[in-house]
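Look at the structure, then work through the answers.

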Amino acid sequence: MTDSVLNLLIVDDHPLFRQGLTQLLRTENAFHVVGEAASGRDGLAAAARLQPDVVLLDLNMKDMSGLEVLQQLQAGQPDIKVIMVTVSDQSDDLVRALRSGASGYLLKDMEPEAMLEAIHGVAAGRVIVSETLVDLMAEALRNERRPGSVSEAGLTEQEQRILERIAVGLSNKLIARDLNIAEGTVKVHVKHILRKLGLRSRVEAAVWAVARQRNSQPSH
């Protein structure tokens with residue numbers, strides 16, 4: 001991925017949405033739409049041919065689901081970042097997408113400026129979820145048995161420091177730089193954090209941490 005221009009592929013079976021999203025992305029010099037696809041299979045073929053930096057992927061399509069496309073992209077082209085762009089605000093869809101490796105989960109009715117900001121965030125290495133969905137995901141995680149606090153989870157002080165930085169969206173590279181440790185060391189700590197919390201992805205860890213912070217704040 002170059003520092004100057006981000007190459008984007010749009011995969012969505014609604015022509016009007018594709019057209020509108022393409023027009024929106026063209027308002028940003030940092031974005032270049034290299035292609036569009038109207039189905040999951042065409043999207044996979046286009047991704048293989050065009051090698052985009054980011055795929056903006058619909059969740060529900062007629063030929064195959066966005067989750068299937070996401071899983072195949074993760075298996076064959078893991079360097080491509082995938083952002084689900086959907087109308088579904090169902091917690092099951094959200095959790096499945098993030099656990100399958102999506103770098104973002106955005107709702108189609110979000111403000112255009114927020115959409116552009118979210119894509120920039122994913123390009124910078126963050127995992128982005130529409131703000132309205134964070135509470136939904138926190139609720140989904142609460143319904144699964146897991147520790148209720150960092151002390152209950154047995155996190156070390158260093159793991160707590162790393163979790164705090166995951167919660168604000170820092171990548172492993174930025175966490176390593178911030179704490180003056182090797183990126184490989186951060187990856188090991190993240191694995192331990194996820195295991196201790198009973199979670200499968202760093203975005204789940206971020207949501208868990210944010211929810212704990214909210215719960216610990218005094219109500220006014």
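Q: How much space lies in the second largest pocket?
A: This is a predicted model, with pLDDT of at least 70 needed for local features and 80 or more for side-chain atom pairs, while totals for chains, interfaces and linings use all residues. Residues are numbered from 1 along each chain as its sequence is written, and side-chain values use heavy atoms, without hydrogens and water. A pocket is an open set of points on a 1 Å grid over the protein atoms alone, where a 1.4 Å probe fits, with protein on both sides within 12 Å along at least five of seven lines. Counting the space filled by probe spheres set on the points, joined across faces, edges and corners, the second largest pocket holds about 670 Å³.

Q: Which residues that line the second largest pocket are the closest to its centre?
A: Lining residues have an atom within 4 Å of a point. The second largest pocket has 27 of them. The closest to its centre are Arg-126, Ile-128, Val-129, Glu-131 and Val-134.

Q: Which element gives the largest share of the lining of the second largest pocket?
A: Elements are DSSP runs numbered from the N terminus: helices (H or I, at least four residues) and strands (E, at least two). Those giving two or more residues here include strand E5 (104-107), helix H6 (131-142) and H11. The largest share, 6 residues, comes from H11.

Q: How much space lies in the largest pocket?
A: Its lining has 35 residues, with Lys-81, Ser-103, Gly-125, Ser-171 and Arg-202 nearest the centre. H10 gives the largest share of that lining, 5 residues. The space in the largest pocket is about 1000 Å³.
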